[in-house]
Amino acid sequence: MHLNVTLISEGSYPTGKGGVSEWCHSLISGMNDVRFNVFSMSSENGLRYKLPSNVEKVVVEHLHSPDFKHGIDEKFAGELIGELKPALSGTPLECEEILRLSKRREFTAEELLGSDVNWNNAIAYYKNNFDGKAFAPFYVFWTSLFYLLYKTLESVGKVPDSDIYHTLNAGYAGLLGCLSKLDKGGSLIVTEHGLYLKERSFELSDSGIPTWLHGMYEKFFESLVRTSYKYSNTVTSVCRDHTRFQREIEPNLNEIKVIYNGIDTEKFHPPNPSTSKDREYFNIGTVTRITPIKDILTFIRSAKHILKKHRAKFYVVGEVEDEEYFDECKKLRKELGLESHVKFTGFQDSLEWYQKLDVFALPSLSEGLPLTILESLSCRVPCIATGVGGVPEILGEKFLVDKWDPEGVAKKVSWLLDNPEERIKAGVEGRKLVESKFSLQRMIREYSELYEEMI
Amino acid sequence: MTAITLPLKKMPGQTTRLPTFFGGRKITAPAILLFTLPFTLYLYLQMSQGTILSYSLIGLLPYLWGLVSIAVYIKKSSRAMERMMEADLDEAEEIFMESRGYFRKIMRANIVFSLIVTDIFSYYFITKGGKPLFITGLISVASLGIAMSSIMRMGDMKSTVNYFIITYLFEHVFLICVFKGPVWLPLAFPVSSVLMMGMILRRINDYDLRSFFERVIN
């Protein structure tokens with residue numbers, strides 16, 4: 001009898017690309033004896049991966065602009081929505097009661113959103129907390145938060161039955177995991193790749209949403225995260241650094257298991273010795289989605305400094321996730337006169353690129369345990385990165401830089417370019433480190449053991 | 001990670017949709033112009049230049065009127081939307097009521113205008129000018145109707161097509177009645193038009209701040 005696991009994702013696998021999606025794909029591919037289902041809440045259409053043969057069922061709950069439908073039984077809506085009120089104060093939700101009420105009749109997220117109760121609650125909350133402030137941004141904000149929450153409740157029945165529900169973050173996906181566990185039985189594992197709350201805070205700072213609404217947003221997601229922790233059998237983190245923050249959020253959290261991400265060291269191998277890197281210029285690159293949290297702007301600014309001393313070309317390998325930010329990047333590249341030096345390649349086979357690079361740089365503002373650093377090290381390409389999240393658990397101090405520090409990035413990249421012996425040594429040691437501590441086999445083994453413990 | 005919460009960045013006023021209170025699309029006016037062009041050409045082939053000029057002017061009046069009133073409305077509602085983004089709940093209610101009042105006035109004026117053109121001018125020109133002129137009136141009134149419908153229904157193609165079909169059926173029945181039916185029968189049309197106007201204005205009255213936000217967000 002095979003073990004059956006449902007992975008619950010939010011905006012990632014299998015409809016999106018990125019570190020979490022790659023991790024998920026590797027996990028499934030590496031556990032042939034486990035049958036997987038995938039439930040994904042996503043605003044994207046279409047699968048971006050060829051699913052492994054041990055995936056039995058894929059359900060994508062497609063998210064679109066909120067719609068409002070009228071005519072729901074207001075008494076029912078009142079009781080159900082009433083149970084969601086703690087979300088606004090940062091306290092965990094009572095999932096047993098939410099589940100009991102949601103089972104009483106069929107409903108859709110759109111009906112809950114169009115109910116009088118939803119409108120009246122919004123008005124009451126506004127008057128109590130923000131009276132005198134602009135109402136329009138508040139109500140749009142309210143709708144964005146609650147639409148997805150209602151969508152999560154609506155989705156419970158669509159999650160395939162499993163022995164284990166494994167969520168890839170602690171937000172809406174985490175809540176769906178809690179409700180599915182209570183609804184169908186089984187265990188719940190919550191894996192946090194990035195820290196959901198930190199990432200939401202970053203999202204806020206970049207959104208232009210009025211600051212007086214930030215507290216409401218943070219409380220809302222704190223509630224979802226704490227709910228996920230409360231109902232989970234185990235919370236796993238991809239690095240030690242994150243566990244401190246997780247305990248700050250939920251001091252009563254029993255156990256946080258650290259399972260480092262792993263990569264396929266056979267796939268990500270150093271270039272063939274016959275492939276010479278002797279060129280007239282150095283190749284510096286980053287492999288990442290183009291989105292503000294990855295701070296591509298710092299990468300571009302650092303190029304300007306590096307070019308003062310070295311002949312080099314710079315590559316940003318990865319798909320555009322945020323068009324506005326991409327425009328900002330192109331604008332900066334033009335302003336700095338770097339159009340012939342900095343290239344955006346779009347989504348491409350990352351292995352080919354790692355093998356062409358002399359130095360890999362990742363100036364992200366927030367990270368979990370970035371697969372791209374492991375992949376580049378595995379290809380014996382040394383890395384310079386910001387010391388965020390689990391990065392210091394991979395790289396030593398001399399390879400770390402501060403956030404928003406293009407000069408720092410340039411200085412450390414230049415040091416590696418100036419010292420070929422150090423560069424080669426860093427690459428060789430990096431490969432050894434990945435093989436011993438961050439291999440895919442080790443990660444698969446640890447998750448397999450965890451799954452075994454859960455049943 | 002890629003978050004599903006990112007759509008939060010899209011606030012009203014930052015969207016590509018025209019920030020009008022009751023919707024509206026930039027494409028409406030040129031589309032109507034494109035639509036009426038073949039009929040205008042048809043008229044040129046059928047009639048003398050002097051006649052066509054005067055008839056066309058009369059026939060296109062509702063279209064021009066509709067275009068001007070819609071343009072003014074969009075401009076006004078854009079300003080109202082800017083104010084709305086800053087307004088607290090009470091102010092938002094006031095701005096909404098003000099805009100709704102203005103919208104009602106525009107609708108009333110347009111409907112009355114269409115009514116006059118459809119039911120009185122058309123009757124007069126059919127008996128005096130014949131089919132080509134009637135077609136001009138028909139198209140211009142339908143165009144106006146489509147434009148207004150597009151605004152009310154946020155440029156929803158299905159609604160616009162429905163409105164288009166209904167308008168044409170209505171006009172054809174009217175045409176048959178004028179040529180074949182008893183003399184008093186066409187009078188039923190002004191009456192039904194008045195009733196329709198009442199229904200539309202009532203619908204506007206039912207439209208409140210909550211419905212407004214629901215439309216903006218959707």
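Predicted model: local features only at pLDDT ≥ 70, side-chain atom pairs only at ≥ 80, totals over all residues.
Colleague: Thanks! What makes Cys178(A) buried or exposed?

Modeller: A residue is buried if 20 or more other C-beta atoms, placed from the backbone, lie within 10 Å of its own, exposed if 12 or fewer, and partly exposed in between. Cys178(A) has 29 other C-beta atoms within 10 Å, so Cys178(A) is buried. Cys178(A) sits in helix 7 (residues 172-184) of chain A; helices here are DSSP runs of H or I with at least four residues, strands are runs of E with at least two, and both are numbered from the N terminus.

Colleague: Which residues is Cys178(A) in contact with, leaving aside its neighbours within four places in sequence?

Modeller: They are Cys95(A), Leu188(A), Thr227(A), Ser228(A) and Tyr231(A). Contact means that the C-beta atoms, placed from the backbone, lie within 7 Å.

Colleague: How do you know that strand 8 and strand 9 of chain A pair?

Modeller: Two strands pair if DSSP finds at least two bridges between them. Strand 8 (residues 282-287) and strand 9 (residues 312-317) of chain A have six bridges, in the parallel sense. One example is Gly285(A), whose bridge partner in strand 9 of chain A is Tyr315(A).

Colleague: And where do these strands stand in the open sheet?

Modeller: The open sheet of chain A has six strands in the order 10-9-8-11-12-13, with parallel pairing. Strand 10 (342-346) and strand 13 (400-401) of chain A each have a single partner strand, so one side of each is left without a neighbour in the sheet. Helix 11 (residues 296-307) of chain A packs on the sheet, touching strand 8, strand 9, strand 10 and strand 11 (359-362) of chain A.

Colleague: Why is helix 11 of chain A called roughly parallel to helix 12 of chain A?

Modeller: Angles run from 0 to 180 degrees between N-to-C directions, with axes fitted to C-alpha atoms, for helices over the stretch in contact. Those under 35 degrees count as roughly parallel, over 145 as roughly antiparallel, 65 to 115 as roughly perpendicular and the rest as oblique. Helix 11 and helix 12 (residues 323-335) of chain A pack at about 10°, with axes 10 Å apart. That makes helix 11 of chain A roughly parallel to helix 12 of chain A.

Colleague: Which residues of the two helices meet?

Modeller: Ile296(A), Leu297(A) and Ile300(A) in helix 11 of chain A meet Glu328(A), Cys329(A), Leu332(A) and Arg333(A) in helix 12 of chain A.

Colleague: Lastly, how many residues are in contact between chain A and chain B?

Modeller: The contact joins 38 residues of chain A with 23 residues of chain B. Helix 6 of chain A gives the most to its side, with nine residues. Chain B itself has seven helices and zero strands, and 31% of its 218 residues count as buried.

How values were computed. Residues numbered from 1 in each chain as written. Chains lettered and ligands numbered in written order.
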